[in-house]
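Welcome, and please take a moment to turn the model around before reading on. The paragraphs below walk through it step by step.

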Amino acid sequence: MSARVLVVDDDPSIRETFEHHLRRTGHEVAVAATAEEALAALSDFEPTLVITDVRMPGMGGLELLRRVREAGDVQVVVITAYEGMKSAVAAMREGAYDYLTKPLDLDRIDLLVERSERDRALQRRVRNLTAETSEGHDLDELIGQDPKMIDIYKLIGVLARNRATVLVTGETGTGKERIARAIHFNSPAAEEPFVAVNCTAIPDPLLESELFGHTRGAFTGAIDRREGYFELAGSGTIFLDEIGDTTREFQAKLLRVLEDREFYPVGGERPHRLEARVIAATQRSLETEVREGRFRDDLFYRLQVVEIEVPPLRERRGDIRRLVEHLLAKLADELHTDVRGITDGALRRLTTYGWPGNVRELEHALTRAMVVCRGPVIDVEHLSLGAVQLDTGPEAAPADDSMNAIEATHVQRILDRTGGNKRETARVLRISRPRLDRLIEKHH
């Protein structure tokens with residue numbers, strides 16, 4: 001399909017590259033050096049797609065995006081050479097069709113233009129979000145330019161405009177709750193409560209009462225009426241962490257809540273309307289749990305309206321340098337220290353380590369290094385890491401084969417460090433005792 005593409009960039013070489021390539025592939029092309037020129041060309045050229053840089057003299061790309069979306073039914077792709085999680089979220093929140101980072105692959109541009117035209121014909125475009133959307137929180141905590149992370153940033157922007165149920169999956173320490181918070185605080189419900197519940201931290205007999213509340217006299221010890229987390233969340237978001245570790249009995253009750261959008265406090269006779277968005281998270285494979293009969297398939301499908309799979313840190317090692325820079329600045333303020341640098345050797349050590357605990361483990365490692373470091377720069381000797389090294393050579397084992405080894409080595413290392421104390425080991429790993437027992441049994 002032939003598209004009418006308006007390319008906006010203050011770099012003449014970028015404009016020339018786009019113009020030559022897109023015309024060669026059969027598209028009509030117009031170029032503009034500034035956002036102001038692009039706005040002037042809209043009525044004359046009538047583009048079906050605008051590709052714009054973010055940072056330009058005068059009006060920026062995000063403002064141009066807003067103006068274009070207000071002016072008519074035109075899709076906009078935002079491109080930047082700068083690390084821009086906030087820009088990605090803002091662009092998608094404002095109704096951008098896609099978000100790309102430089103350097104660009106021209107073959108990918110061809111696919112994008114083709115998909116854009118196909119989606120226009122089928123009327124499947126992302127609609128513009130209102131300007132009243134909240135600015136958001138925790139965006140600075142999501143760092144990285146790995147393609148998988150960029151896709152997550154874009155999805156956060158899309159989810160900000162609706163109340164769809166979301167399932168966030170990923171290993172421990174990957175930042176699942178931060179992603180849930182980013183979704184909430186970039187939505188129109190940002191001023192409403194965000195209630196986080198760790199399902200494994202509440203004993204099974206109390207889980208229903210904690211979530212749904214109870215009436216006075218509902219059971220022994222219920223001397224007063226108590227609001228549950230669902231009621232406290234109001235019209236905001238309730239985040240159910242480690243949903244994969246709940247019992248099937250509780251899963252049946254949660255399924256009824258999601259289906260009927262109402263819940264009964266324990267001992268109550270009148271239903272309460274569920275107004276909050278539900279975001280669930282798990283480090284388990286729910287598909288496996290369903291197959292093995294530990295998780296209800298009907299609840300799984302209810303939760304998996306939109307699934308966000310957060311990649312482990314070892315699969316986006318290119319982001320480690322950015323994460324280290326971000327965490328050093330953050331921790332230096334929190335710890336009141338002047339340690340703000342790291343040697344090349346120490347950085348190499350960090351990028352070749354397996355990180356079974358992911359970003360959380362990286363933050364802990366840097367915190368310890370900054371505490372023991374006597375100078376302004378962290379060196380290899382200040383790092384206390386295990387033996388979980390990534391095989392970066394050509395004979396590297398497949399990820400599926402190495403995962404169990406990484407997990408087993410890490411758990412064994414913490415068990416050794418705590419002298420076999422399961423309670424302390426579970427605390428260090430930030431998992432529940434039942435989860436630790438399952439890992440010990442799994443790895444013999």
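**A guided walk through the model**

The protein chain has an accessible surface of about 21600 Å², and 47% of this belongs to carbon and sulfur atoms. Such areas come from the Shrake-Rupley method with a 1.4 Å probe, and for residues only the protein chains shown count as cover. Keep in mind that this is a predicted model, where local features need pLDDT of at least 70 and side-chain atom pairs count only at pLDDT 80 or more, while totals for chains, interfaces and linings use all residues. Residues are numbered from 1 along each chain as its sequence is written, and side-chain values use heavy atoms, with hydrogens and water left out.

Of the 444 residues in the protein chain, 49% are buried. Here buried means under 20% relative accessible area, exposed means over 50%, and partly exposed is in between, with a 1.4 Å probe and protein chains only. The chain holds 18 helices and 14 strands; these are DSSP runs numbered from the N terminus, with helices being H or I of at least four residues and strands being E of at least two. Among contacts between residues at least 6 apart in sequence, 72% join residues at least 24 apart, where contact means heavy atoms within 4.5 Å.

Now look for an open sheet of five parallel strands, in the order β2-β1-β3-β4-β5. At its edges are β2 (28-32) and β5 (98-101), each of which pairs on one side only. From one strand to the next, the twist averages 20°. Two strands pair if DSSP finds at least two bridges between them. Axes are lines fitted to C-alpha atoms, for helices over the stretch in contact, and angles run from 0 to 180 degrees between N-to-C directions.

Strand β4 (residues 75-80) runs parallel to β5 and is joined to it by four bridges. Val77 stands opposite Asp98 in β5, and Ile79 has Leu100 of β5 as its bridge partner. In a regular strand, side chains alternate between the two faces of the sheet. Along β5, Asp98 and Leu100 point one way, Tyr99 and Thr101 point the other way, and all are buried. Strand β4 also contains Gln75. Is Gln75 buried or exposed? Gln75 has a relative accessible area of 2%, so it counts as buried. Between Gln75 and Leu65 there are ten residues in sequence and 9.0 Å in space, C-alpha to C-alpha.

Helix α1 (residues 12-24) lies across β1 (4-8), β2, β3 (49-53) and β4, and runs at about 170° to β2. Helix α3 (residues 61-71) also packs on the sheet, where it touches β1, β3 and β4, and its direction makes about 175° with that of β4.

Next come the empty spaces. Rolling a probe the size of a water molecule over the atoms shows where empty space is left. On a 1 Å grid over the protein atoms alone, a cavity is a set of points where a 1.4 Å probe fits but cannot get out, while a pocket is an open set with protein on both sides within 12 Å along at least five of seven lines; lining residues have an atom within 4 Å of a point. Grid points are joined across faces, edges and corners, and a volume is the space filled by probe spheres set on the points.

The structure holds one cavity of 30 Å³ or more, and the largest cavity has a volume of about 40 Å³. Its lining includes Val7, Ile14, Ile51 and Ile79. Two or more lining residues come from each of β1, α1 and β3, and β3 gives the most, with three.

The second largest pocket has a volume of about 680 Å³. Of the 31 residues that line it, Gly173, Gly175, Glu177, Arg360 and Arg430 lie nearest its centre. At least two lining residues come from each of α7 (176-185), β8 (237-241) and α15 (358-372), and α7 gives the most, with five.

Two last stops remain. In helix α8 (residues 204-212), the residues Leu207, Ser209, Glu210, Leu211 and Phe212 are buried, and their cover includes β7 (194-198) and α10 (248-260). After α8 comes Gly213, whose phi is positive, near 80°. His410, in helix α16 (residues 399-417), is buried, with a relative accessible area of 12%. Leaving aside residues up to four places away in sequence, His410 touches Tyr353, Pro356, Glu361 and Leu429.
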